[in-house]
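Me: I would like to go through some labels given to this structure. Please set each value against its definition.

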Amino acid sequence: IALNAEVSPVPLPASAAQPAQVLRRAAPLALGAAVYQVNVMVDGLMAEGLLSDGGPTLHYFANRVQQLPLALVAIAATSAVFPALQELGHAGKREALRSLHDRTHLAIAAVAVPAALGMFALARPIVEVSFERGAFGAEGVARTSRALAVLAFAILPAGATGLIARTYYAMGDFTTPVRVSIVALLLNVGFNVWFLVGLGMDVEGLAAATCITSVLNAVLLLPGLTRSLGLPRCREALLQPLGAILAAGTANAAVAYGVERALDGPLGRTAALGLAIAAGGVTYLALAFALRVPGLERFRRTR
């Protein structure tokens with residue numbers, strides 16, 4: 001479906017074409033869209049002063065790995081659907097906008113949940129294959145894999161936050177996501193200090209703070225879709241599909257973990273990891289189709 005991506009969610013006066021005014025409108029959009037990345041940057045700066053030797057590098061490595069599925073799944077889907085959200089918001093089609101928002105969340109979850117669970121299950125072999133060489137030894141693998149296992153659970157809420165924020169933008173509200181982002185940023189700093197200084201945690205403390213803050217950001221934004229923007233309440237059937245996605249995703253992680261453990265010795269860790277990811281993916285798709293996960297079911301009908 002071709003949609004006009006240049007339509008604005010609110011009528012713009014002629015003077016709005018001035019560069020300074022364009023920048024003022026774009027700044028909230030950029031900050032709200034990049035809140036997760038801003039939190040990661042703050043985490044990196046705090047890691048320099050609060051973590052032991054090597055901590056900032058290990059934090060960076062864990063984040064680079066976690067950003068791959070986040071960018072390929074959540075950020076890509078959110079960016080792709082934004083023009084459609086924008087056009088519906090401009091036309092005042094609140095029912096259709098809410099339906100598209102909810103269906104997009106479900107479609108993201110259908111890929112993000114198995115990716116997150118699989119990354120959690122395979123965190124150590126992923127880090128071993130990616131980084132264990134030279135000065136990066138067993139200690140680095142252990143510390144980085146713990147952080148990666150925690151960061152895996154930030155994939156879904158980070159994607160949800162981006163989609164909810166863009167729904168606000170589609171309705172012409174550019175300030176609420178920014179205010180919530182600032183609150184989330186302050187909470188993230190507080191959690192970092194608590195976990196690292198108060199509880200004595202390592203790199204996984206920064207990862208836990210990022211995960212918790214991502215969840216809180218989405219939770220704080222979600223009620224405003226109805227209360228502030230006037231969108232109807234969710235009418236999509238979400239509970240059963242989410243349960244099916246979680247069940248298939250858990251099976252995917254279990255199969256991937258078992259295959260990796262069984263083949264690591266005979267085939268070597270790189271081949272074992274590749275086959276484990278493939279086995280987990282096949283398991284997830286088979287169960288998701290059997291359980292009729294909506295997004296995947298629609299995809300199969302179009303083939």
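Reply: Start with a definition: buried means under 20% relative accessible area, exposed over 50%, and partly exposed in between, with a 1.4 Å probe and protein chains only. This is a predicted model, in which local features need pLDDT of at least 70, side-chain atom pairs count only at pLDDT 80 or more, and totals for chains, interfaces and linings use all residues. Residues are numbered from 1 along each chain as its sequence is written, and side-chain values use heavy atoms, with hydrogens and water left out.

Me: Why is L216 called partly exposed?

Reply: L216 has 30% relative accessibility, so L216 counts as partly exposed. L216 is found in helix α9; helices are DSSP runs of H or I with at least four residues, numbered from the N terminus.

Me: Which residues make the nonpolar surface patch?

Reply: V183, L187, I212, L216 and L220 make a patch of about 350 Å². The elements giving two or more residues are α8 (176–198) and α9 (203–221), and α9 gives the most, with three.

Me: Why is T78 called buried?

Reply: The relative accessible area of T78 is 3%, so T78 is buried. T78 lies in helix α3 (residues 55–91). Leaving out residues up to four places away in sequence, T78 touches I108, G159, G162, L163 and R166, where contact means heavy atoms within 4.5 Å.

Me: What makes α6 mostly covered?

Reply: In α6, 10 of its 14 residues are buried, among them G140, V141 and A142.

Note on methods
Patches are made of residues with over 30% relative accessible area and no salt bridge: like charges are joined within 9 Å, nonpolar side chains (Val, Leu, Ile, Met, Phe, Trp, Tyr) within 5 Å. Accessible areas come from the Shrake-Rupley method with a 1.4 Å probe; for residues, only the protein chains shown count as cover. A salt bridge is a side-chain nitrogen of Lys or Arg within 4 Å of a carboxyl oxygen of Asp or Glu.
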